[in-house]
Amino acid sequence: MGPTASGKTAVAMALARRFPVELISVDSAQVFRDMNIGTAKPDAATLAEFPHQLIDLIPPTEVYSAARFRTDALAAMAEISARGRVPLLVGGTMLYFRALLEGLAELPQADPATRAEIDREAALRGWPALHAELATIDPATAARLHTTDAQRIQRALEVFRLSGRPLSTLLAAGEKQSTAYQFTTIGLLPSERAVLHQRIAERFSAMLAAGLEAEVAMLRERYLLHAALPSMRCVGYRQVWEVQDGLLPRRELRDRGIFATRQLAKRQITWLRNTLRSEIVDCLAADAEERVAQLLGDILR
């Protein structure tokens with residue numbers, strides 16, 4: 001596990017060369033087909049040599065949930081184990097990791113009418129105002145969300161309005177759902193945040209150079225999309241969408257994309273340190289791959 005730009009894929013491939021493991025992607029953006037550049041999806045050559053399960057599952061018009069991830073991941077893990085190999089889950093979607101490790105609470109299903117009402121309120125008042133509202137009814141959830149994290153603020157408010165109970169309370173009340181697997185969690189975290197920020201800036205610039213804007217234009221032509229879809233709320237895609245809709249000056253695209261990615265990395269690091277306590281390896285260390293390999297080797301012996 002690790003934040004964006006921490007080098008997870010490179011470490012995973014190094015492990016796959018040395019150990020009898022098969023890779024499972026834990027990435028809420030890479031599940032979408034045709035979203036390749038902005039999700040940093042491994043290219044065809046990499047996937048041919050190191051197949052990843054749970055990539056390219058659905059079109060960007062659909063919604064993928066943590067509950068579906070848990071079901072799909074457990075099915076993939078069963079297949080891999082049946083072949084006498086070890087499932088290696090790799091990614092940065094911390095909610096998915098938590099769903100797999102701890103199970104999921106019973107939450108109300110998404111309600112289009114409630115979501116539409118929340119969207120209307122956000123259009124009038126702004127997401128920071130709705131975040132402030134959330135802080136009064138569910139301070140624990142609000143404390144871990146950025147004031148403009150529209151998708152998660154909307155879901156937390158929706159849960160409260162449908163159930164009358166805060167999301168944090170429902171999550172805490174959910175019974176731990178055990179699995180037949182023994183998990184070892186390894187977190188790739190940077191010893192210097194500034195170096196990770198530089199990596200993020202370089203990678204987002206590379207995405208723009210590789211044609212991220214053209215990719216979004218292609219997606220909009222190929223699929224019936226709108227800005228509220230989870231696929232188009234992904235970091236990078238949201239900012240390009242805003243440029244293409246005239247809501248954001250193109251000259252600000254790079255800086256806004258980098259800032260949003262840095263905010264994502266900050267949330268991922270917080271989850272890793274506070275929620276998904278794991279064996280920590282400095283992703284910036286020259287011997288990071290070897291240190292992770294030693295940890296895995298000790299487990300598999």
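**Exercise 1: Strand pairing**

Strand 1 and strand 3 (residues 86-91) pair in the parallel sense over 6 bridges. The model is a predicted one, in which local features need pLDDT of at least 70, side-chain atom pairs count only at pLDDT 80 or more, and totals for chains, interfaces and linings use all residues. Residues are numbered from 1 along each chain as its sequence is written, and side-chain values use heavy atoms, with hydrogens and water left out.

Solution. 
1. Strands are DSSP runs of E of at least two residues, and helices are runs of H or I of at least four, both numbered from the N terminus. Two strands pair if DSSP finds at least two bridges between them.
2. Strand 1 (residues 21-26) is largely enclosed by the rest of the structure, because 6 of its 6 residues are buried.

**Exercise 2: Helix packing**

Task: Determine at what angle helix 11 and helix 12 pack.

Solution. 
1. Helix 11 (residues 212-222) and helix 12 (residues 237-244) pack at about 75 degrees, their axes 10 Å apart. Axes are lines fitted to C-alpha atoms, for helices over the stretch in contact, and angles run from 0 to 180 degrees between N-to-C directions.
2. The two helices are therefore roughly perpendicular (65 to 115 degrees; under 35 is roughly parallel, over 145 roughly antiparallel, the rest oblique).

**Exercise 3: Aromatic pairs**

Task: Classify the ring pairs Phe-69 with Tyr-96 and Tyr-181 with Phe-183.

Solution. 
1. The whole structure contains 3 aromatic pairs. Rings of Phe, Tyr and Trp (its six-membered ring) pair if their centres lie within 6.5 Å; planes under 30 degrees apart count as stacked, over 60 as edge-to-face and the rest as tilted.
2. With centres 4.8 Å apart and planes at 15 degrees, Phe-69 and Tyr-96 are stacked. Both are buried.
3. Tyr-181 and Phe-183 have centres 6.4 Å apart and planes at 50 degrees, so this pair is tilted.

Note on methods. Buried means under 20% relative accessible area, exposed over 50%, partly exposed in between (1.4 Å probe, protein chains only).
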